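Let us read a structure feature by feature. Have the sequence and the model at hand.

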Amino acid sequence: MAGNTLIEVNGLVNRFGDHSVHKGLDLALNGGEILGVVGGSGTGKSVLLRSIVGLHEPNAGRITLAGTPLDHRGAPDFRLTQRTGVLFQRGALYSSLTLCENIALPLREQAQLRKTDAEALALTRLRLAGLEAQTARLYPESLSGGMVKRAALARALALDPDLLFLDEPTAGLDPISAAAFDELILTLRNALGLTVFLVTHDLDTLHRVCDRVAVLGEGHVMAIGPVEEVATTDDDWIRAYFHGARGRAALRQSSNNRENA
Amino acid sequence: MASAEPGQLRTAEDGETLQATGDWTLPHYGALRRVTKARSSAPSQLILDGIQRLDTAGATLLAELVGAERLRRIAETSPDIAPAHRALLITVADAMTGCGVLPPEPRRGPLELLARMGLALTDAAGKARLLIGFIGAVLVCAGRSLVTPRRWRFSALLHHMESTGLNAVPIVALLTFAVGAVIAYLGATVLGQFGASVYTINLVAYSFLREFGVLITAIVLAGRTASAFTAHLGAMNANEELDALRAQGLDPVELEVLPRVLAVVLMLPLLSFIAVLAGLAGGGLIALTVVDVPLPLFITVISEVPLNHYLAGLVKAPFFAFLIAVIGCLEGFKAGGSARSVGAHTTSSVVQSIFVVILLDALAAMYFMEIGW
């Protein structure tokens, strides 16, 4: 599956009032890769994600998911929503349902499984995301930040998607939990053959997880490619981002890892 | 990537080896489940080379069939499994190894019904204690800021007076006008049987001056304002804004609660005056048109109602106002972080404030009757 283009974005335009977030943005996501999307605040990372998932209707442009053009007007297309899983920034777990019910809901409603089957699969998803069976009957409000992210990931995986959208998965996590979450994403990608669209600010995540990085700015993709390549791009923001104090630390860390490996 | 048929389990010629073929994916889950259920005992050997497509749902079923640890061994040792399938099977088998069982859902038996009744009772007692404590806190805070004019927050007060008082005028006036008309119809029907339909005016006048002007206004504000206070303060609490105030050494009761309470205490008597006028207008309209009472008589009757009846109504207004505002704010403070919690406390604040208003009104009616007002 690797190598072919799974998502294609052409000439995407998004305006909010007079402010243009995207001015004809082009982007391609290949099957099986993890693409990290970075950019300063207000460069439209989340809007891009929401446009591709179909939650936000762009002012202009064309988005193709696995060869099917995306129709923002009609009802959500089951064939597409089944193939995509979304991890929202703050988890967006349904607060009136237990974790098990959160994950079982799409299985029962979309895949039309019986309750016991859906719960058995929900348990597998929880375990895949690194949560214990005892958490299944808890409500989201009693979970820690890291557990919320894991549970939300488990829900995103509910319908066995091949395309995963992650909106700042490690934001708000302590470094150890964040590193564990990075490993989890890598493991699942390798095991399940996922394609991942990853919006993040976390430099460590970029270096550890992403095959390619796209930098958004001025309404376009300013640079796209492997991290090391993008980091050498001649642009003030990119230089400040990758070669600031935090960027240098992450760079050192990742080259150390490579030497040890 | 061509869609193959749903997965099958074939028994090989030796009668002991099972061969899995076809698609083992979520869309075929029902069929696959029947296939695996049909095998009562675990097979001595399982060959997975023939599987076309596999996802975690299919892998879970295979793990249930032979056990997670054995599935992992099979995936590791079989040479002909596709590498992608091998990685998936191992990951799912690892996830399911020692995963324990799903804890049972909480039971809802008759015993639990009793337990919930008990909990509701202790909960109500706790709520009452908390409310009394909060009333004390608000009064102390009010007394403290009364003596320091620097702490009078006029802009917040005016803002809340506008949103709870001025903006409520149309709904209060319309509702009481309608209730006044209904009471006049009622009076005309019942009193007409005794040839006393002219007393319809007295019925409307006494009931609105004494009771309904204040009571209907208080009920409208309990629905409109208490819920707004709870939702606003609850959302602030969820966003940790109240904690931020406390962390800066500011008192949320003084900044957020006091202006609201004061605004309602000032506006409810004014609104209930409007309510009385609108109710009299509604009743008067029916009396003039349906019962054919002449206008001068209408005015005379109303002007001859003793003042203490109106005072008996009006004196209740500040108490109702205080309780409505305090309950609304307290429920907001109690609301937790989730959307569900804010919703539950908003409902609770409306129910509690309407309950308290009607209860207090009934007690006041008995009291004023006894002292002969």
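Q: How many helices and strands are there in chain A?

A: First, the ground rules. This is a predicted model: local features need pLDDT of at least 70, side-chain atom pairs count only at pLDDT 80 or more, and totals for chains, interfaces and linings use all residues. Residues are numbered from 1 along each chain as its sequence is written, and chains are lettered from A and ligands numbered from 1 in the order in which they are written. Helices (H or I, at least four residues) and strands (E, at least two) are DSSP runs, numbered from the N terminus. Chain A has ten helices and ten strands.

Q: What does the radius of gyration say about chain A?

A: The radius is taken over C-alpha atoms, and the globule rule is 2.2 Å times the number of residues to the power 0.38. For 261 residues, a compact globule would have a radius near 18 Å; chain A has 18 Å, which agrees. Its C-alpha atoms fill a box of roughly 55 × 45 × 35 Å along the principal axes.

Q: Is chain B a compact globule or more spread out?

A: Chain B holds 14 helices and three strands. Its radius of gyration is 35 Å, well over the 21 Å that the globule rule gives for 373 residues, so chain B is more spread out than a compact globule. The C-alpha box of chain B is roughly 110 × 60 × 45 Å along the principal axes.

Q: Where does chain B touch chain A, and which helix supplies the largest share?

A: In total, 26 residues of chain B are in contact with 25 residues of chain A. On the chain B side, α1 (29–37), α2 (56–66), α4 (83–96) and α14 (339–370) each supply at least two residues. The largest share, seven residues, comes from α4(B).

Conventions:
Contact = placed C-beta atoms within 7 Å.
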